[in-house]
Amino acid sequence: MPFHINVAVEKATLADIVPLARKLSTKLAIAFLAGLRGNGQSVPCCKGCCACCSYLIPLSVPEVFRLREELLEMPAENSSRIFQSCLDTAKRILDKKFRTSYLKSFSKSGQPRINQVSKWYGGLELACPFLSDGLCMLYEQRPFACREHIVTGSAVSCQTDHRDEPNVAPMPVSILEVLGQLTAELEQSDIEAVMLPLAFAWAQDNLQRAERTWPAVAMVKRFVEILKLTASKNSAAPVLST
Ligand code: SF4
Ligand code: SF4
């Protein structure tokens, strides 16, 4: 899958890589879906189907900063509604028993207990704060975790109380993971993920990180390198060429 990238600025923040990552994610998802359907698999995901919007949604650090910027640029009426919805959901999460240990487990992605945390979160039955009347209020800006969650078979299995697990089709490359790796390399830190409802409160505590810049060309080059490396580890991945 060939693609071309123009870099117009000298310095870039973490948030600046997100629009490019979203475009790539869309192209990858379209190609992946076509492949699944071409192989005769049924994909029930469609507009208004939202059982998965009660799952734990992890955000990479660049996504958190980008979403915060985008919300601040929205009309105040819309952004206040979303901020308030996040606040209400965050309060409900923080009211729950075992919250401290679960939040610590979640803060570093890739830890073995991540599945346990997801199960715990599903049991809370909290709808995503971006969900309104069965639709995503931020569909164009939705997280990579949502873009990369594609199931085959029946949508019924996506209900959190269903006895069978949904059959999640693994994407050939996860942009969420690529951004996590890129951020860890740039900041020389651990790979982090942030729970969606806590994202804006978390961003407020990390504003210095949001403002930090790196040479834009080097950032994009490394993003593409990690993407290709991750894709090449999976033999089913489409060939990415720049
Ligand atoms: S993952 Fe499941 S609930 Fe979500 S859109 Fe697809 S079929 Fe519907
Ligand atoms: S961000 Fe949108 S698509 Fe993702 S869980 Fe929330 S409402 Fe659903």
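Of the contacts in the protein with a separation of 6 or more, 80% join residues 24 or more positions apart; two residues are in contact if their C-beta atoms, placed from the backbone, lie within 7 Å. The model is predicted: local features need pLDDT of at least 70 and side-chain atom pairs count only at pLDDT 80 or more, while totals for chains, interfaces and linings use all residues. Residues are numbered from 1 along each chain as its sequence is written, chains are lettered from A, and ligands are numbered from 1 in the order in which they are written.

The protein has 10 helices and eight strands, taken as DSSP runs numbered from the N terminus (helices H or I, at least four residues; strands E, at least two). Of its 242 residues, 28% count as buried. A residue is buried if 20 or more other C-beta atoms lie within 10 Å of its own, exposed if 12 or fewer, and partly exposed in between, with C-beta atoms placed from the backbone.

The largest nonpolar core has 45 residues, such a core being a set of buried Ala, Val, Leu, Ile, Met, Phe, Trp, Tyr and Cys residues joined through C-beta atoms within 7 Å. L59, V64, I175, V178, V194 and A199 have the most contacts inside this core. Leaving aside residues up to four places away in sequence, V194 touches P58, L59, V61, V64, A199 and W202.

After α7 comes Q188, with a positive phi near 50 degrees.

Helix α3 (residues 76-94) has C86, T89 and A90 as its buried residues. They lie on the same side of α3 because they cover an arc of only 105 degrees around the axis, the arc being that of the directions from the helix axis to the C-beta atoms. These buried residues pack against α8 (199-205), whereas the face turned away from them carries the exposed residues A76, E77, S80, Q84, D88 and K91.

Around ligand 1 are P44, C45, C49, A51, C52, H149, V151, A155, C158 and P166, each with its C-beta atom, placed from the backbone, within 6 Å of the ligand. Around ligand 2 are C53, I57, C128, F130, L131, C136, L138, R142, P143 and C146.

Technical notes. Expected span 1.5 Å × (residues − 1).
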